Amino acid sequence: MATFEGREDRGAGFLGARLGPALKSYGDQLIVLLVLFAIWQALSMWLGTYWIGSPWGVAKRFTQDVLDGELLRHASLTLTEAIVGFVIGALPAAALPFLLRRQPIITAILDPFMVGGYGAPKLALAPLFILWFGIGIESKVALVAITVFFIVYFSALAGIRALDAKLVQMAQVVGANERDVARHIVFPGAVPYIFTGFRIAMPYSIGGAVIAELISSNRGLGYLIQLSAMNFDTIGVFVALVATALIVFIGNLTVNVVERWLLRWRPPSDVMLQAAT
Amino acid sequence: MAAQPLLEILGLGKRFATRAGRDPSPWVIQDLSFSVRDGEFLTIIGPSGSGKTTLLNMIAQIDTASGGEIRFQSQAAPISDPKSLNPGLSCKIGYVTQEDNLLPWRTTLQNVLFPLVVQGRLNDETRAHAQMLIRAVGLAGFEDHYPHELSGGMRKRASLIRTLVYDPPVILMDEPFGALDAQTRMQLQEDLLRLWNIGRKTIIFVTHDIAEAIALGDRTLVLTRAPARIAGEHTISIPRPREIRGIMTHPAFAELYQRIRAEVQ
Amino acid sequence: MTSRDSALDLAEPTPVNWRRYAVIAGRIGLAILLILGWKFGAQVAGEVYVADPFLVFGRIVVDTLNGTLIHHTYVTLRLATIGFAIGCFFGVVFPFLLRRMPRLTAAIEPYIMASVGVPKYALVPLFILWFGIDDAPKLWLVGLLVFYPIFIAVFAGIRNVDRRLINMARVAGASEAAISREVIWNSLIPFFFAALKIALPRAVSATIIGEFLVGDAGLGFMIENSRQNFDTTGVFVGIVIATALVLVINAVLTLIDRRVNAWRPTERDMQL
């Protein structure tokens, strides 16, 4: 009897079919989150706070440190190192392929050096930079800058190379000169690629700053981690780690938001620009 | 007033670069000659792969020629040396290509205004003109949309008025309506004729569709397959203004169609 | 003038040759310039800041002959290899285990992705606290840094296979185990290899950086120890060797990649 009752049923069923799986997956994730916290709590109770601070203990200390400004002081230093280093590294790296656009020979000459620079372990230079610049922020900025440089260079290079010749021809026919082409065609076309480079380089910039601080510093989140560890203050270590992860998270968010706005012209499925990690 | 033809193609030839170690590549276009009068709507028919796009590329000075001459306003255009090419001949030749080539990062309005921006002619008057064209092809309301938000037909229309907006005296069109459905195509053909009527530009319109060539053109040239040369020339005696939708019922149409059809082999 | 008589006829002269030589010459020139710059830098900045290149290479020879360099390099490579093996093992095994439990996988996926955001190097002091000052904290570091790219790649590779696998199994109908083994394996290789190109060099550099923070041997220890003793030449020696090591590994992997995957049409120009 295909009556109204049947149709109402189907309506609810349809809605249920849409919401059901989504709710189930969010529900699952929530369950996992609770389980993780439960395990954390259990471990801290079983092993003792020397080994693992309890979630509650960490949360309490975290709030404490934020409120008395201590955490923010260190965090803002690390953030400053990361941002300044990022800017110093990323801007020339993005500009270089641009400037060398019409000199393919120079780009080719540079290529093995760039590949080498990209592949070489920049973090291994940390002691050298500390030797040169001391334990202040300069050495961290230098490390971040050189790490970011090579990442962004290759992304920008890919962006310049992905130039659509047909668009350039179109522009030339309507009267664009070299500068117009660079400004209206080459640059906007390269921006998505450059942004992918930014997205990849961002965690490296924060990580680089923290690592350099771990090795030698007297301020910053890395310093905080090292100091807490040396004082066997596990809760302090956790607090600093959480702060670091939070900064990376916010950094990711920022890059995503900016990218989404800057690249709102992009068609939804741009497969080639999905970074693997 | 039999003036000098605006555009003369004399013995034009094109073959692509021979790869080292291979036989010389065949001529795509060989010994092609025709002329175009000022204000004429010339259609060119040719089968796919007959070098139609290559021909237009050479006229627009995007591509070099391997032989022959192109004269614009009685002056020879430098088409043999890639470095001396002048794409668009300083904005005298507009080119509506097969792909719409809209800039993905610009909105519809920004795309249409683009030639004005690079030519330094953007002002209230030209902006109003652009808006008028946008309305004329039915894109009103989509000015702030990005190309990926437009349908194929809408992008085609945008690319069409992008060329019209800066009023080049000569306009080349490479199968602009080819990928569209019949309804949209007819609509755009009507729009094109209407706009052309206002300005009476010189148009060279390439297509593989015989009916379209007859409906739109004052004169039609038929190209052979590669190596392309003129197989035939037909004056379209159907008077203007023309009714696209009923064109096929015109007495002259059927005969023209048959004659041209025979040549397109 | 017809095109037949045209003297404009062309076969573009190949400019390729002189370009290629110019590039090679340029590269050699730039390399020489960099070394000269290094030497000049050493003169200007003084031996505390920039070690003289000849002294550096002299020290490399000496330390190789007397075995110290070999010892440190061995220590680093040994640890890197073990750490790599551990990380690689779990990175390969976990996706296969998770494959059978799609609901669990979906539930934990966001947390795995979130954990990528924690800089693993920042965990080293914690590892030292937990596991002592021997190899253990460094092994954990390397293991983790290797685990992530391998895990993500194998996971993606398996996911990539499963849909095709179903179709193939339906069509072929032969021993599903054998087909799935072959199809999965072949589909995994490019993902796995791409991750390998990241993970292997990373294993070595992670070991070195771990040695900055803990331990008493290895290239990283050598670099940091030299720094603390203001032995700039020693710092440079360590950096040169460490860099050369990683670059060689990169080059070898790239070579193997080209051979093994020559037939594949996929091209990745975005590298991590």
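This is a predicted model: local features need pLDDT of at least 70, side-chain atom pairs count only at pLDDT 80 or more; totals for chains, interfaces and linings use all residues.
For the complex as a whole, the predictor reports an ipTM of 0.86 and a pTM of 0.85.

## Chain C: helix after helix

How many helices and strands does chain C have? Of its 272 residues, 36% count as buried. Now look at who touches whom: among contacts in chain C between residues at least 6 apart in sequence, 71% join residues at least 24 apart.

You'll find P149(C) in helix α6 of chain C, which covers residues 136-172. Is P149(C) buried or exposed? It counts as buried because it has 26 C-beta neighbours inside 10 Å, and the cut-off for buried is 20 or more.

Start with helix α2 of chain A, residues 55-67. This helix has 13 residues and reaches 18 Å from its first C-alpha to its last, close to the 18 Å expected at 1.5 Å a residue. Just after α2(A) comes G69(A), which takes a positive phi of about 85°.

Next, the largest nonpolar core. It holds 200 residues, and the ones that touch the most other members are A126(A), V148(A) and V152(A). Which helix gives the most to this core? That's α8(A), with 18 residues. Leaving out residues up to four places away in sequence, V148(A) touches G85(A), F86(A), G89(A), A90(A), A93(A), A201(A), Y204(A) and S205(A).

## Chain B: strands side by side

Chain B is where you can follow some strand pairing. Strand β1 of chain B (residues 7-15) has partners in β2(B) and β4(B). With β2(B), residues 27-36, β1(B) runs antiparallel and is joined by six bridges; here L12(B) stands opposite L32(B). With β4(B), residues 67-72, β1(B) also runs antiparallel, this time over five bridges. Across that pairing, L10(B) stands opposite E69(B), while I9(B) stands opposite I70(B). As a rule, side chains in a regular strand alternate between the two faces of the sheet.

Strand β5 of chain B covers residues 75-76, and the two strands pair in the antiparallel sense over two bridges. F72(B) has Q75(B) in β5(B) as its bridge partner. The hairpin these strands make has two residues between them, and Q73(B) takes a positive phi near 50° there.

## Where the chains meet

Let's look at chains A and C together. In this pairing, 52 residues of chain A are in contact with 48 residues of chain C. On the chain A side, α1, α4, α5, α6, α8, α9 and α10 each supply at least two residues. The largest share comes from α8(A), with nine residues. Sorted by class, the side of chain A that touches chain C has 39 nonpolar, twelve polar and one charged residues.

And chains A and B? Here 19 residues of chain B are in contact with 14 residues of chain A. On the chain B side, helix α2 of chain B (residues 108-119) gives the most, with four residues. The side of chain B that touches chain A divides into 13 nonpolar, five polar and one charged.

Note on methods: Residues are numbered from 1 along each chain as its sequence is written. Chains are lettered from A and ligands numbered from 1 in the order in which they are written. Two strands pair if DSSP finds at least two bridges between them. Two residues are in contact if their C-beta atoms, placed from the backbone, lie within 7 Å. Ala, Val, Leu, Ile, Met, Phe, Trp, Tyr, Cys and Pro count as nonpolar, Asp, Glu, Lys and Arg as charged, and the others, Gly among them, as polar. A residue is buried if 20 or more other C-beta atoms lie within 10 Å of its own, exposed if 12 or fewer, and partly exposed in between; C-beta atoms are placed from the backbone. A nonpolar core is a set of buried Ala, Val, Leu, Ile, Met, Phe, Trp, Tyr and Cys residues joined through C-beta atoms within 7 Å. The expected span of a helix is 1.5 Å times one less than its number of residues.
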